[in-house]
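Open the model in your viewer and keep the selection panel at hand. Each stop below says what to select and what is there.

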Amino acid sequence: MAPSDMMDGRVAAIREDLGQNGLTETPILSYASKFASAFYGPFREAADSAPQFGDRRSYSNGWRQSARGCAEIDLDLEEGADMI
């Protein structure tokens with residue numbers, strides 16, 4: 001299971017739902033900390049993938065926000081993520 005958003009509580013909700021359905025051994029890979037990159041835009045254009053306009057930098061941490069990224073990682077680990 002690999003939720004790609006950074007919503008707080010997402011990993012905990014998934015972990016709880018998996019447990020309630022007997023899937024306690026299903027690992028969760030968290031994308032808790034996404035960093036904006038100049039390489040991402042050209043890749044999307046070459047792959048002709050969405051979004052076709054704008055960018056998603058607002059969903060990513062800037063390189064100066066490493067502490068925020070680490071805090072998000074810690075939260076997802078506390079919620080039950082198996083991998084980051």
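**Before you start**

This is a predicted model: local features need pLDDT of at least 70, side-chain atom pairs count only at pLDDT 80 or more, and totals for chains, interfaces and linings use all residues. Residues are numbered from 1 along each chain as its sequence is written, and side-chain values use heavy atoms, with hydrogens and water left out.

**Stop 1: the whole chain**

Show the cartoon. The chain has 3 helices and 0 strands, in the order α-α-α along the sequence. Helices (H or I, at least four residues) and strands (E, at least two) are DSSP runs, numbered from the N terminus.

Now colour by burial. Of the 84 residues, 19% count as buried. Buried means under 20% relative accessible area, exposed over 50%, and partly exposed in between (1.4 Å probe, protein chains only).

The chain exposes about 6200 Å², and carbon and sulfur atoms supply 56% of that. Areas come from the Shrake-Rupley method with a 1.4 Å probe; for residues, only the protein chains shown count as cover.

Next, contacts, meaning heavy atoms within 4.5 Å. Among those between residues at least 6 apart in sequence, 73% join residues at least 24 apart.

**Stop 2: helix α1**

Select residues 10-20, which are α1. Which residues of α1 are buried? They are Val 11, Ile 14 and Leu 18. These cover an arc of only 65 degrees around the axis, which puts them on the same side of α1. The arc is that of the directions from the helix axis to the C-beta atoms. The buried residues of α1 pack against α3.

Check both flanks. Gly 9 sits in the segment before α1 and is partly exposed, at a relative accessible area of 28%. Just after α1, Gly 22 takes a positive phi of about 75 degrees.

**Stop 3: helix α3**

Select residues 66-79. At 1.5 Å a residue, these 14 residues should span 20 Å, and the end C-alpha atoms are 20 Å apart, which agrees. The expected span is 1.5 Å times one less than the number of residues.

Gly 69, Glu 72, Asp 76 and Glu 79 are buried in α3. They cover an arc of only 85 degrees around the axis, so they lie on the same side of α3. The buried residues of α3 pack against α1. Turn to the face away from the buried side: Ala 67 and Glu 78 are exposed there.

Then step to Gly 80, which follows α3 and has a positive phi near 115 degrees.

**Stop 4: the nonpolar core**

Select Val 11, Ile 14, Leu 18, Ile 28 and Ala 81: they form the largest nonpolar core. Such a core is a set of buried Ala, Val, Leu, Ile, Met, Phe, Trp, Tyr and Cys residues joined through side-chain atoms within 4.5 Å.

Centre on Val 11. Leaving aside neighbours within four places in sequence, Val 11 contacts Ile 28, Ser 30, Asp 76, Glu 79, Gly 80 and Ala 81.

**Stop 5: the salt bridge**

How many salt bridges does a search of the whole structure find? It finds 1. The criterion is a side-chain nitrogen of Lys or Arg within 4 Å of a carboxyl oxygen of Asp or Glu.

Select Arg 15 and Asp 82. They form a salt bridge, with the closest N and O atoms 2.6 Å apart. Arg 15 lies in α1 and Asp 82 in the segment after α3, so the pair ties together parts that are 67 residues apart in sequence. Asp 82 is partly exposed, with a relative accessible area of 46%.
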